[in-house]
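Here is a short briefing on one structure.

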Amino acid sequence: MSVDEDARWLDWVTRQFESIAGDDKEIDLDEFKTALKVKESFFAERFFALFDSDGSSSISLDELLKALDLLIHGSETDKLHFLFQVYDVDGSGSIDPDELRTVLKSCLRESAISLPEEKLDDLTLALFESADKDQSGSITFEELKDELETFPEVMENLTISAANWLKPPTVHQEKRATPRYLTRAYWQNNSRKLFFLCVYFLLSLLLFITAMLQHRHGGAWLMVAKGCGQCLNFNCTFVMVLMLRRCLTWLRATWVVRVLPLDQNILLHQIVGYAIFCYTLLHTTAHVFNFVHMSRVSTFSLWEYLLTTRPGIGWVKGTASVTGVVLQVVICLMVLCSSTFVRRSGHFEVFYWSHLSYVWLCSLLMVHCANFWKWFLVPGLVFLLEKIVGIAVSRIGGLYVVEVNLLPSKVTHLVIRRPQFFHFKPGDYVYINIPVIAKYEWHPFTISSAPEEADTLWLHIRSMGQWTNRLYEYFRQPESPGASPQRLAASLRNRQQLRAQEELFSCSDVTTAVASNQDDAIELTMYRQNGSQVGAEPPPDEQGPAERGEAPPLREVSAKFSENHRFCNIKCYVDGPYGTPTRQIFAAEHAVLIGAGIGITPFASILQSIMYRYRRRKQNCPSCNYSWCENIKDGDMKLRKVDFIWINRDQKSFEWFVSLLTNLEMDQADEEPEGRFLEMHMYMTSALSKNDMKAIGLQMALDLLAKKEKRDSITGLRTRTQPGRPEWGKVFQKVSEENKGKVHVFYCGSSALAKVIKAQCEHFSFNFYKENF
């Protein structure tokens, strides 16, 4: 911090202290804990004891400011000495293993990390052995200093810790000289959307002016009403065109995707929806004022013009006014129920059912306006055809949920038997209907399995609303003893296959036990050295890709002995698949995949498919391009590097896909001359970062143990889990310096984080795609 910032911060600390301290102008331990807002009292007690220089069991303002001044303006040695005193609990001048273990245990609690006692012992031993250079059985100040110097980032950020303890106010950053929307990078990265919006605006303006000129003899209010009405004719049909999912999915495979913003059809649908709302209000208001004028010169009153058919306005028995009022109410309800606060508050059903009012909306528009059918005819027929095809496709063939896994953070993993002619691309999504959960409700979810997996579809569904919660609770209930014979036969067949796989477990060439922190589940992932699945050989009519000579699948074999895993045979219907922006990934040279929480689901499919193609690429002859695998057409994959970033709030969230990520790490176990093709970056936001004194020791111990065991203690992966949130500027700067080609960033997660990442992408001139459906 600068001198001025230091002064402002210390002034804030003084005022904060005075607001907490009583009449005696001192604060005790309880008040100090309240001010620090720490989860674990150990650090509050240690800081309090060190700040209380006179040992009076209370801290005065002078004592506090003196200690803070030392941590801010003191030398590096002074700050390290303070850290050493925190760890030296008994004040003996050295740190023994028990003291270090106590500190690390408190660090784990502060960071919301849960590890078994054996792992805590390993962490303590790793850090102690590394720091105890002379093997004297204790760590001296000089030894701790030498150990910290091997972690430059810790030494660099040590001075920031003091400011974090008392939660200083956010410093307002200076506004950028140039607004973001006026920068060259913004226009380059949003050129298709901006071009489309400009054309849309000019077309709307042209329609408005044309209609006004045609009715210029009817007065100003009638001109405005007719101009808005003509714009409504266009927008009420165009809003449907933007939701022709099958047509848009087909167009994504053509040159049109390079001209039109197909990836942002949902955003444009919302924009057109709000435009309809505004045009409707203006159209209705203009007609009301026109009716006021007409009521003064005619025999009909204002209420008759507005609410009856007596004036004869409209081409179907004068119903224009009545249908107009109903249309205004319907449109207002649809816009209100489509608002973010409704959809994100767990009431998706309100949005879903209110949006079905488009049927009544189109019917009323046919009656209300004489020319609307001309606008609606072609788009309406295509829309109707899509619906019919969707219903037919979803009902053809019997689809069943054959396996269910209940994962941490209330995530339901559904395994659905895949239809023979169901083809999709990585990152696509489907609408699913499960009658036993809700007979008429369809909900969209990303397919998390790879297209190369021929037998099943995976869906990972997080419980965030009424339908998803009912789904989770349904499968959490014990199975009914009165199961049907077909369901029992299917369950028995699956269990026999599972037992056969367990028998082969002991003789497999490579066995990887994925450490999961679930107390009631053990995942055993079995692979041969060549990456093929270990298991009983399927019958000829059920052979997978590996048996047919194709690339073996990256598929996990799970044996879960718990109520959270079950085999079943539940009827379901699937409508899709539908394309997403991630279809552009194989056209990129350097892809950065960013998933926040359950936002990993589209990337689960993409990562598996990428590694399939990557493995097949390695099996091609570099000189003549001859392939040892069948059906390999990989000319559309230009990827040279993939960076996968997964951000989770807590430790348990990583258990959703830990087995899949382990398999991907195993698939490229050998280092390559040009570096790893796929790099993973894990972030845990609840964990305290290395610039917080309460976590320095823990993060050092985790680093040391990860290097020793070649495995992260939190996830069990080889990739080290980083604490806190990513510093996007540094992350993208590193990506830019790798020079692997044009960078495309694909993101799935919260909208708030999307804005931050998009701004950084514009700064580095990266292409940004957000998963949205």
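Two rings of Phe, Tyr or Trp (its six-membered ring) pair if their centres lie within 6.5 Å; planes under 30 degrees apart count as stacked, over 60 as edge-to-face and the rest as tilted. The whole structure holds 26 aromatic pairs. This is a predicted model: local features need pLDDT of at least 70, side-chain atom pairs count only at pLDDT 80 or more, and totals for chains, interfaces and linings use all residues. Residues are numbered from 1 along each chain as its sequence is written, and side-chain values use heavy atoms, leaving out hydrogens and water.

**Aromatic pairs**
- The ring centres of Tyr431 and Tyr578 are 6.1 Å apart and the planes stand at 80°, so this pair is edge-to-face.
- Tyr431 belongs to strand S5 and Tyr578 to strand S10, so the pair ties together parts 147 residues apart in sequence.
- Strands (E, at least two residues) and helices (H or I, at least four) are DSSP runs, numbered from the N terminus.
- Both Tyr431 and Tyr578 are buried (under 20% relative accessible area, 1.4 Å probe, protein chains only).
- Ring pairs also join Phe196, Tyr200, Phe234, Phe238 and Trp375 into a cluster.

**The sheet**
- Six strands form an open sheet in the order S6-S5-S10-S3-S4-S7, with antiparallel pairing (at least two DSSP bridges between two strands).
- Strands S6 (443-446) and S7 (456-462) are the edges, each pairing on one side only.
- S5 (residues 429-433) and S10 (residues 565-578) pair over four bridges.
- Asn433 has Tyr573 in S10 as its bridge partner.

**The helix**
- Helix H22 (residues 466-476) packs on the sheet, touching S3, S4, S5, S6, S7 and S10 (heavy atoms within 4.5 Å).

Note on methods
Axes are lines fitted to C-alpha atoms, for helices over the stretch in contact, and angles run from 0 to 180 degrees between N-to-C directions. Buried means under 20% relative accessible area, exposed over 50%, partly exposed in between (1.4 Å probe, protein chains only).
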